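Let's take a friendly tour of a protein model, beginning with a sheet and ending with a pocket. Have your viewer ready.

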Amino acid sequence: MNKILVYVVSDSVGETGELVAKAAVSQFRPGLQDVTFQRFPHIDSKEQLSEIVQIAVSQQAMIVYTIVQESLRYFLHAECEMYRIPHNDLMGPLMDMLSDSLHLEPIEEPGLVRKLDDDYFQKIEAIEFAVKYDDGRDPRGLLKADIVLIGVSRTSKTPLSQFLAHKRYKVANVPLVPEVEPPEELFLVPPEKCFGLIISPEKLNGIRRERLIALGLNDGANYAKFERIDEEIEHFKRIVDRIGCPVIDVTNKAVEETANDIIHRLQKNQ
């Protein structure tokens, strides 16, 4: 029965190297049964590489490696050649090919794939969260959120939630209407995580009238009247006072500007 020991050496976690090595080994089964993989992650010095090579010599191991720093790759290659250790550079040849084709030098920063993947999945999770807990659909999300937005209708709560989600913040928002009591969960949210959005009555009147026209409705409906708007804003102020959260005037602000204001306040509190 054939037996081999494979060292997976990496300046990151070594997951990619081990996956590739296992994929290659699988092509020699069932004849090859006794295979051991051992990772050496986060290697960042020639001294560490020398130690690994000496161990590989004593245990008759082969080495596969994913190292982005050119100097460390060359050093390990030379050491393996000197001691006649079977070895394979999984990263270097492809990086060299790309560098020649693109006429660019690689960053040589370990772990970028994992970092990009983590950022991507955090963003997707935050976007899905914003959709699920938009417009007060499920008050249970308020206690799970990084940010809670409250305001009367047409204060850009939904687009702001989506913009912040792309920054990887989990956002829930709740519309405030005088006839509907806010969910109890809203008053359990830490005030520094909650942000009230307010807008001038004149601006809100114009936005609501345009909204009604776009829907094919009469722009003189109660929804857009100043009396109704004043009533809603007074209700909003009562809720904000009860929560004790900050208020941001979005009257003449772009969504990006409001989002940056919120992020700055959060970071300051932290």
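In which sense do strand S5 and strand S7 pair, and over how many bridges? This is a predicted model, and in it S5 (residues 147-151) and S7 (residues 194-198) pair in the parallel sense over four bridges.

Strands S5 and S7 belong to an open sheet of four strands, ordered S6-S5-S7-S8 with parallel pairing. At the edges stand S6 (171-175) and S8 (247-249); each has a single partner strand, so one side of each is left without a neighbour in the sheet. From one strand to the next, the twist averages 25°.

## Helices on the sheet

Helix H8 (residues 226-243) packs on the sheet and touches S5, S7 and S8. The direction of H8 makes about 160° with that of S7.

Helix H9 (residues 255-269) also packs on the sheet, touching S5, S7 and S8. Here the angle to note is with S8: the direction of H9 makes about 155° with that of this strand.

## The largest pocket

Now for the open space. The largest pocket has a volume of about 700 Å³. It is lined by 28 residues, and those closest to its centre are Val68, Met91, Glu109, Leu112 and Val113.

Notes:
Residues are numbered from 1 along each chain as its sequence is written. This is a predicted model: local features need pLDDT of at least 70, side-chain atom pairs count only at pLDDT 80 or more; totals for chains, interfaces and linings use all residues. Side-chain values use heavy atoms; hydrogens and water are left out. On a 1 Å grid over the protein atoms alone, a cavity is a set of points where a 1.4 Å probe fits but cannot get out, and a pocket is an open set with protein on both sides within 12 Å along at least five of seven lines; lining residues have an atom within 4 Å of a point. Grid points are joined across faces, edges and corners, and a volume is the space filled by probe spheres set on the points. Two strands pair if DSSP finds at least two bridges between them. Helices (H or I, at least four residues) and strands (E, at least two) are DSSP runs, numbered from the N terminus. Axes are lines fitted to C-alpha atoms, for helices over the stretch in contact, and angles run from 0 to 180 degrees between N-to-C directions. Contact means heavy atoms within 4.5 Å.
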